[in-house]
Amino acid sequence: VAFVFPCSVVFVGGSHLEVAFNWILRHWGDVLGIGSVLVLFSILWAAILRQYARGRTTLLTEWARREVLLKEKYEDLFENANAIIFIAGLDWKLTSINKAAERLTGFSRGEVLGVSVLQFIAEEYRDAAQTMVLEKIQGSGPTIIYLEVCRKDGCRLPLEVSSHLIYENGKPAGVQGIARDITERKQAETAIRRSEEQVRLLLESTAEGIFGLDLNGACTLCN
């Protein structure tokens, strides 16, 4: 019986096992060489994979570290800002406020979280606030509005509010706003109006004619 094996070597007689054994004995060097190459390749490939995994792990660790630092920085800015910062859902219920919000309104987090923002806005300003958010959802609307909120002690707090929408999966999911206390500005504006009114009353009540001119000789006021 004739058996033909690789390398065009012909063996005659014997069983299949004997033929295979004889072939391996004759080509033992080749078998060892191929086996050594395969083992070396496996070792090199394992080393490459370990190096790749080590690099990926280092990169992911660095990304995680940076994300933690950014989160801590954001939380620090959020908590220690002088202005009120708040986050509310599209249902107007508050989900987060900072320390300035507690300090300026007198309400604690526990008292306002889960409560509608509209409950704290003075009634005559609620429509303007709702309109602003609706227009933002539609792609327009003012960025800054003026309104007043009711403090816990019953006093009103004038605020200048700037806000933007929060998106999740490309859809509006809430509102984040920054509200600045403009009490001093309002007091200054009121003082100026009172001063102007006093000057007007003085001009109107005096018997003498009073007028004012600018540098170009144009009359700026008269009684």
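Author: In this predicted model, the protein exposes about 16,000 Å², and carbon and sulfur atoms supply 61% of that area.

Reader: And what share of the residues is buried?

Author: Of the 223 residues in the protein, 23% are buried, and the chain is built with 6 helices and 9 strands.

Reader: Switching topic, how many cavities of 30 Å³ or more are there?

Author: The count comes to 1 cavity of 30 Å³ or more, and the largest cavity holds about 400 Å³ of space. Its lining is made up of 26 residues, of which Phe-86, Leu-94, Val-117, Ile-121 and Val-149 are the closest to the centre.

Reader: What classes of residue line the largest cavity?

Author: The lining has 24 nonpolar and 2 polar residues, with no charged residues. Among the elements that each supply at least two lining residues are α5 (123-137), β5 (144-150) and β6 (156-168).

Reader: Now the rings: how many aromatic pairs are there?

Author: There are 2 aromatic pairs. In one of them, Phe-107 and Phe-120 sit edge-to-face, 5.1 Å centre to centre with 65° between the planes. Phe-107 lies in the loop between α3 and α4 and Phe-120 in the loop between α4 and α5, so this pair ties together parts that are 13 residues apart in sequence.

Reader: What about Tyr-125 and Tyr-146?

Author: Tyr-125 and Tyr-146 are also edge-to-face, at 5.7 Å centre to centre and 85° between the planes. That pair links helix α5 to strand β5 across 21 residues.

Reader: Is Tyr-146 buried or partly exposed?

Author: Tyr-146 has 28% relative accessibility, so it counts as partly exposed, whereas Tyr-125, at 17%, is buried.

Technical notes
Residues numbered from 1 in each chain as written. Predicted model: local features only at pLDDT ≥ 70, side-chain atom pairs only at ≥ 80, totals over all residues. Heavy atoms only, no water. Helix = DSSP H or I, 4+ residues; strand = E, 2+ residues; numbered from the N terminus. Buried < 20%, exposed > 50% of the residue type's maximum accessible area, 1.4 Å probe, protein only. Areas by Shrake-Rupley, 256 points an atom, 1.4 Å probe, with all protein chains shown as cover. 1 Å grid on protein atoms, 1.4 Å probe; cavity = no way out; pocket = protein on both sides within 12 Å on 5 of 7 lines; lining within 4 Å. Points joined across faces, edges and corners; volume = space filled by probe spheres on them. Nonpolar A, V, L, I, M, F, W, Y, C, P; charged D, E, K, R; others polar. Phe/Tyr/Trp six-rings, centres within 6.5 Å; stacked < 30°, edge-to-face > 60°.
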